[in-house]
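Subject: Structure handover

Hello,

Here is the structure for your files. Please open it alongside this note.

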Amino acid sequence: CPLANRIPDWLQAVARGDTAGAAAILAETSALPEVCGTLCPQHRLCEGACTRDGTREGLKNGAVTIGALEKWVGAAALDLPLPARAQPNGKRVAVIGAGPAGLACAERLVREGVAVAVYDRNATAGGLLATGVPPFKLDKDRLARRIERLKAMGVKLELGVTVDAERFGELLDAHDAVFLGTGAQRSRPAQLHGSTLTGVHDALDYLAAVNAGTASPLTGNRVLVLGGGDSAMDCARSVRRLGAAVSVATRGDFRASPKEIEAAREEGVELLAQHVPRSLLGSAAVEGVRFDSPGTSRDLPADRVILALGQVPAPPAWLAAHGVMLDESGRIVVDGQGRTTHPKLYAGGDNTRGPDLVVTAM
């Protein structure tokens, strides 16, 4: 586990029927256990490392279902009493970004008695958990309850606030440190002819509309999703629920987790590997996509196309004025303790690693 969760210890507590004890052990390392239990690719993390994975003679039942148990314990913990507030230590930290990295940072700090304020441009905390993961995949009521518990622990949320250069300077002057948890919320450019046609959607924007309940019904439509990761599967499963026939095409093999691929198949999504998109077809509105596939070229019709080609960091321009170093791909450079090249600035999550998992951001 990237968070170093004490998995055997809390599993033993569950086995004893000690839910509160299991929750307390998880809380030592994880601020969002029910989220990780839901979204982590356990097959290549904890469950992939389980000694009962079936490779040893006589163990045929497979890995312990760590993810499902973590999700259950995390949800049960939402009904448990809050821990006692830490004694204030006089330090103040501003966190920019209320996604997994920012919320995890704030939760760790408030446990140590630091006064923490989290700033986010969105009206709802959670980052892509709130806007980029569809409701059928992550229980948004539980997410909201977890965030309310963080507030009750002392985390102050300043939502709907865009931190510009002036506001950033004020935060830097007024706090002992500032943590940047701004994520990687800019979609990777498509670089395809026709990507500006009507009916072509960016995956992040489309999933935000799904979460807001403003996505239009698609009964009778044919939708093509370009991309091979979990976000592509999220888009495909979302438009299936809106009535469309859906195909997902990726230029190589699918990168999405096996459970996401299987769920998409079960819901009637067509999966097309080894399909390299060459151009989007149409004059004013999109009409299809031209692909190179093994041994041939083919045109597939589409009423809508969703581009789920990944995300890239989009660091704010004002960082340069404070001497914060970026690498060639736009990620913020940090040392092993999350420190940037500015002595009061720290960063973590996707803005330092590039697009990755919720658990690695935390």
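Below are the findings on one helix and one arginine.

Please keep in mind that this is a predicted model.

Helix H7

H7 runs over residues 140-153, which makes 14 residues. At 1.5 Å a residue it should span 20 Å. The C-alpha atoms at its ends are 20 Å apart, so the length agrees with expectation.

Six names to select in your viewer: Leu143, Arg146, Ile147, Arg149, Leu150 and Met153 are the buried residues of H7. Down the helix axis they fall within an arc of 155°, so they line one face of H7. The general rule behind such a pattern: an α-helix has 3.6 residues a turn, so residues three or four places apart point the same way.

What covers that buried set? The cover includes helices H3 (33-39), H4 (66-77), H5 (100-111) and H6 (128-131). Strand E3 (156-159) is also part of the cover.

Both ends of H7 have a local feature. At the start, a side-chain oxygen of Asp139 comes to within 2.9 Å of the backbone nitrogen of Asp141. Just after the helix, Gly154 has a positive phi of about 120°.

Arg237

Arg237 sits in helix H10, residues 230-241. Is Arg237 buried or exposed? Its relative accessibility is 10%, and the cut-off for buried is under 20%, so Arg237 counts as buried.

Leaving aside residues up to four places away in sequence, Arg237 touches Phe136, Glu260, Ala263, Ala264 and Glu267.

Best regards

Note on methods
Residues are numbered from 1 along each chain as its sequence is written. This is a predicted model: local features need pLDDT of at least 70, side-chain atom pairs count only at pLDDT 80 or more; totals for chains, interfaces and linings use all residues. Side-chain values use heavy atoms; hydrogens and water are left out. Helices (H or I, at least four residues) and strands (E, at least two) are DSSP runs, numbered from the N terminus. The expected span of a helix is 1.5 Å times one less than its number of residues. Buried means under 20% relative accessible area, exposed over 50%, partly exposed in between (1.4 Å probe, protein chains only). The arc is that of the directions from the helix axis to the C-beta atoms. Contact means heavy atoms within 4.5 Å. A polar contact is a pair of N or O atoms within 3.5 Å; within protein, one must be able to donate a hydrogen and the other to accept it, and residues adjacent in sequence count only if both atoms are side-chain atoms.
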